[in-house]
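The report below describes one protein chain from its overall make-up down to single side chains. Please keep the sequence and the model in view while reading.

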Amino acid sequence: MKGLFMKDFGLVKGQKQFFAVILIMMMVFMTTYTNFAFIIAYITIMIGVLTLTTISYDEFENGMGYLFTLPVSRREYVAEKYLFSIMTTLPGLALVSVFSFAFSRIREIDFPVGEWVLSVVISFFLVTAVLSIVIPLQLRFGADKSRVALMIVWGTGIIAGYLGIKVCEALGIDWKTGIDWIYGMKPGAALAGIAVICGILMVISYLFSLRFIEKREF
């Protein structure tokens, strides 16, 4: 697995333009926007996409088929992708979170510590959810077809969310109270709860990814 990490970090190291774009966007957002919670989530998700680019490179010109002729098992490959996603996303999340907190103080924008911590926790949950959905799709359908599959998944999720809201309103259930309750949670409780949820999502996603990659022929 060490060789897989070296390969992926080498691929990421060569994407200087991607990092330059992220840095420019982060600086523009932090000097013009006032919603630092959005900035943290958006930049973190962009960094999380790095894992998907390594899968695309692996699949280029049947590279995946060659890769599995080496002493690398499919189980190791899938496990490395999830570990790599964590190893690249967490430092990025930490960096953008620190910059967001610092810029909020420099610009004298109200961004309480509790809200900042909750924004970091929710951003981690969002990027975990995105990767948990997209990694299995890309391993199942490939880079091109996975985009179509992802659009279908997101569309279904949006429709389901909309219908859920309408059902709650029809039944007289105040769904906004639940949102307020989440935002009112203590940072420690929110961190513990989301960590458990993220862990469950990753495990389920890993099992699906492993099943998909084992069925693919290269």
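Predicted model: local features only at pLDDT ≥ 70, side-chain atom pairs only at ≥ 80, totals over all residues.

Residues are numbered from 1 along each chain as its sequence is written, and side-chain values use heavy atoms, with hydrogens and water left out.

**Overall make-up**

The chain holds 9 helices and 0 strands, in the order α-α-α-α-α-α-α-α-α along the sequence; helices (H or I, at least four residues) and strands (E, at least two) are DSSP runs numbered from the N terminus. Of the 218 residues in the chain, 37% are buried, a class that means under 20% relative accessible area, with exposed over 50% and partly exposed in between (1.4 Å probe, protein chains only). Among contacts (heavy atoms within 4.5 Å) with a separation of 6 or more, residues 24 or more positions apart account for 81%.

T54 lies in helix α4, which spans residues 50-59, and counts as buried because its relative accessibility is 0%. Leaving aside residues up to four places away in sequence, T54 touches D8, L11, V12, K81 and F84. With K81 there is also a polar contact from side chain to side chain at 3.0 Å; such a contact is a pair of N or O atoms within 3.5 Å in which, within protein, one must be able to donate a hydrogen and the other to accept it, and residues adjacent in sequence count only if both atoms are side-chain atoms.

Q138 is placed in helix α7 (residues 113-170) and is likewise buried, at 4% relative accessibility.

**Aromatic pairs**

Rings of Phe, Tyr and Trp (its six-membered ring) pair if their centres lie within 6.5 Å, and planes under 30 degrees apart count as stacked, over 60 as edge-to-face and the rest as tilted.

| Pair | Centre distance | Plane angle | Class |
|---|---|---|---|
| F29 and F38 | 6.4 Å | 55° | tilted |
| F99 and F103 | 6.5 Å | 35° | tilted |

F29 is buried at 12% relative accessibility, whereas F38 is partly exposed at 36%. Ring pairs also link F29, Y33, F38 and Y42 into a cluster. F99 and F103 are separated by about one helical turn, because they stand 4 residues apart in helix α6 (residues 74-106); F99 is partly exposed at 31%, and F103 is buried at 14%.

**A nonpolar surface patch**

M1, F9, L83 and M87 make a nonpolar surface patch of about 340 Å². Patches are made of residues with over 30% relative accessible area and no salt bridge, with like charges joined within 9 Å and nonpolar side chains (Val, Leu, Ile, Met, Phe, Trp, Tyr) within 5 Å; a salt bridge is a side-chain nitrogen of Lys or Arg within 4 Å of a carboxyl oxygen of Asp or Glu. M1 belongs to the segment before α1 (2-13) and is partly exposed, with a relative accessible area of 37%.

Conventions. Areas by Shrake-Rupley, 256 points an atom, 1.4 Å probe, with all protein chains shown as cover.
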